[in-house]
Amino acid sequence: MTRQDRILIVEDEPKIARLVADYLEGSRFASHHLAHGDEVLPWLAEADEGTMPDLVLLDLMLPGTDGLTLCREIRQRWPRIPIIMLTARVEEVDRLLGLELGADDYICKPFSPREVVARVKAVLRRSRAAQEPTTAESDLVLDDGGWRALADGQDLGLTAVEFQLLRVMMHAPGRIFSRDQLMDHMYRDHRIVSERTVDSHIKKLRRKVADIWPDREIIRSVYGVGYKYQPEE
């Protein structure tokens with residue numbers, strides 16, 4: 001019997017959680033509901049292969065630990081689990097912040113439960129396509145478990161900070177990241193560093209890529225703005 005995809009619903013409004021669960025289960029997903037932010041990380045830590053979710057639907061405003069904090073922690077500890085943020089706060093900064101912390105998508109309340117199911121299916125398809133191994137010689141492959149980046153099968157030898165920078169930019173090809181945004185990903189403790197620190201890490205990352213691909217530029221500078229990952233067509 002094929003295993004059902006399992007969705008963890010983190011939502012403190014019981015009616016919304018039940019409605020979403022009903023629609024997910026009607027589309028042949030299994031679901032589990034948690035209503036308090038403080039329950040999420042311990043539950044994930046105790047989950048085994050049969051209960052670990054394939055995707056998390058994560059409300060922004062929760063009692064206890066808030067959704068943005070949970071998003072950051074889940075992305076650090078379980079980087080392969082996709083996250084869709086649910087939010088009633090429609091300010092652009094909240095939407096962007098959720099995505100910068102590692103969310104794969106966001107849905108604003110009020111929403112159609114059919115839309116939630118469609119977004120879940122789409123994010124799962126994208127996530128699995130990104131994780132499928134490839135034999136193409138020109139591909140750059142990230143090994144999240146080993147914190148390695150492979151170009152033509154060769155390990156780039158990245159530091160943890162360099163790997164995180166590359167991973168963030170590869171997650172959104174073509175998107176321009178400011179230096180401040182990249183610093184937030186590099187240093188989760190919000191230490192004060194200069195923008196030149198980002199430039200230094202980018203320079204080292206480019207040098208390591210160039211050692212294997214001397215004629216390719218995948219990290220592009222955008223004058224006065226920041227950097228983006230732009231693979232060649």
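A charge sits over a ring if NZ of Lys or CZ of Arg is within 6 Å of the ring centre and within 35 degrees of the ring normal. This predicted model holds such a case. Arg-216 lies over the face of Trp-213, at 4.0 Å from the ring centre. Pairs between aromatic rings are another matter: searching the whole structure gives 0 of them.

Turn now to the helices. Helix α2 covers residues 37-46. Its buried residues are Gly-37, Val-40, Leu-41, Trp-43 and Leu-44. Down the axis of α2, these buried residues fall within an arc of 165°, so they line one face of the helix. The spacing follows a general rule. An α-helix has 3.6 residues a turn, so residues three or four places apart point the same way. What do the buried residues of α2 pack against? Their partners are β1 (6-10), β2 (30-34) and α3.

Helix α3 spans residues 67-77. Here Gly-67, Leu-68, Leu-70, Cys-71, Ile-74 and Arg-75 are buried. Viewed along the axis of α3, the buried residues fall within an arc of 160°, so they too line one face of the helix. A side-chain oxygen of Asp-66 comes to within 3.0 Å of the backbone nitrogen of Leu-68.

Strand β7 (residues 148-151) joins β8 over 2 bridges in the antiparallel sense. Ala-151 has Gln-154 in β8 as its bridge partner.

Note on methods. Residues numbered from 1 in each chain as written. Predicted model: local features only at pLDDT ≥ 70, side-chain atom pairs only at ≥ 80, totals over all residues. Heavy atoms only, no water. Buried < 20%, exposed > 50% of the residue type's maximum accessible area, 1.4 Å probe, protein only. Helix = DSSP H or I, 4+ residues; strand = E, 2+ residues; numbered from the N terminus. Arc of directions from axis to C-beta. Polar contact = N/O pair within 3.5 Å; in protein donor to acceptor, adjacent residues only side chain to side chain. Phe/Tyr/Trp six-rings, centres within 6.5 Å; stacked < 30°, edge-to-face > 60°. Pairing = 2+ DSSP bridges. Contact = heavy atoms within 4.5 Å.
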